[in-house]
Amino acid sequence: MDMDALKRQAAARALEHVQDGMKLGLGTGSTARHFVDLLGEKVRAGMKIVGVPTSEATRAQAEACGIPLTTLDDIDRLDLTVDGADEMDPALNLIKGGGGALLREKIVAAASDRMIVIADDTKWVDVLGRFPLPVEVIPFGLAATERAMAAAFAESGVSGQMGVRKGRDGHVFITDGGHWIIDAHLVRINDAPRLAGLLSLIPGVVEHGLFIGLASIAVLAGAQGIRVIERR
Ligand code: 5RP
């Protein structure tokens with residue numbers, strides 16, 4: 001099965017939730033890219049929406065597609081954010097940040113009345129953690145932050161290797177906010193809300209990739225068709 005075609009199918013289904021006049025959060029990644037592309041077609045056909053991008057990459061794509069953009073300084077709330085995910089569980093808790101945009105993605109999702117997550121169905125898991133958890137950190141005091149993270153992992157019953165993310169060029173990956181990312185290989189996060197709370201208390205942690213209670217709907221495309229799951 002062509003994964004890219006599945007991603008586009010999920011994006012197309014999410015587009016059905018978009019109505020004229022909406023203020024939209026625009027996600028980041030290869031699946032969200034399809035959504036922005038399809039949204040651009042609607043805009044060029046006359047649909048009136050305004051978007052807030054979750055990364056510089058999405059901003060560049062949205063501008064190229066002719067999508068009018070704004071910021072969270074200029075508007076109050078967003079009606080809907082559509083974004084991808086690296087993993088999602090049956091409670092619609094997510095791991096995000098594989099593309100390094102988790103901070104802006106979470107700010108935008110938290111400012112939205114609804115978040116629709118779009119993905120191919122390989123992203124669906126019983127328990128989060130197979131995908132390494134991205135944690136955005138301040139470079140200052142990195143070792144102290146890593147020690148505090150290890151303590152948070154132990155307190156929530158998980159452990160695993162941590163590593164600072166490198167880009168394709170071998171240099172440390174720098175986020176749009178100028179921070180670094182630590183990827184934590186935890187395998188099985190049995191209590192994701194608890195770990196999310198503990199990580200949020202660490203001073204050197206800017207944000208983490210656990211999205212708890214933010215997604216309202218998941219659209220999953222697979223070989224058998226599209227599955228739409230609503231958070232209970
Ligand atoms: C970027 C993200 C992406 O949404 C996530 O990595 C999924 O990406 P893709 O759709 O390419 O699989 O969180 O920070």
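**Note on the ligand site, cores and backbone of a predicted model**

1. An N or O atom in the side chain of Lys-96 sits 2.9 Å from an oxygen atom of the ligand. Taken alone, the ligand exposes 370 Å², and the protein buries 91% of that. Please read every value here as coming from a predicted model.

2. At Ser-30, a polar side-chain atom lies 2.5 Å from an oxygen atom of the ligand. At Thr-28 the backbone is involved: an N or O atom there lies 3.0 Å from a ligand oxygen atom.

3. Next, the shell. There are 17 residues around the ligand, and Ser-30, Thr-31, Asp-86, Gly-97 and Lys-123 come nearest. By class, the shell holds 9 polar, 5 charged and 3 nonpolar residues.

4. Helix H2 (30–44) also carries His-34. Is His-34 buried or exposed? His-34 is buried because its relative accessible area is 10%, and the cut-off for buried is under 20%. The side chain of His-34 makes a polar contact of 3.0 Å with that of Asp-4. Beyond its neighbours within four places in sequence, His-34 is in contact with Asp-4, Lys-7, Arg-8 and Ala-11.

5. The largest nonpolar core has 26 residues. Val-18, Phe-35, Leu-39, Ile-49, Ile-67 and Ile-118 touch the most other members. Elements giving two or more residues to this core include helix H1 (3–15), H2, helix H3 (56–65) and strand E6 (112–120). Strands E1 (23–26), E3 (78–83) and E12 (217–222) are also among them. In soluble globular proteins, nonpolar side chains tend to be buried together.

6. Setting aside neighbours within four places in sequence, its contacts include Ala-10, Ala-11, Ala-14, Phe-35, Val-82 and Val-219. Thr-31 is also one of the contacts of Ile-118, and Thr-31 is among the residues that come nearest to the ligand.

7. A second, separate core has 23 residues. Val-125, Leu-186, Ala-192 and Val-205 are among them.

8. Two residues call for a backbone check. Leu-92, not a glycine, has a positive phi near 60°. Leu-92 is in the loop between strand E4 (87–88) and strand E5 (94–95). Its relative accessibility is 1%, so Leu-92 counts as buried.

9. Val-187 is the other residue to check. Its phi is positive, about 70°, although Val-187 is not a glycine. The loop between strand E9 (180–184) and helix H6 (192–200) holds Val-187. Val-187 has a relative accessible area of 59%, so it is exposed.

Methods. Residues numbered from 1 in each chain as written. Predicted model: local features only at pLDDT ≥ 70, side-chain atom pairs only at ≥ 80, totals over all residues. Heavy atoms only, no water. Near = heavy atom within 4 Å. Polar contact = N/O pair within 3.5 Å; in protein donor to acceptor, adjacent residues only side chain to side chain. Areas by Shrake-Rupley, 256 points an atom, 1.4 Å probe, with all protein chains shown as cover. Helix = DSSP H or I, 4+ residues; strand = E, 2+ residues; numbered from the N terminus. Nonpolar A, V, L, I, M, F, W, Y, C, P; charged D, E, K, R; others polar. Buried < 20%, exposed > 50% of the residue type's maximum accessible area, 1.4 Å probe, protein only. Contact = heavy atoms within 4.5 Å. Core = buried A, V, L, I, M, F, W, Y, C linked by side-chain atoms within 4.5 Å.
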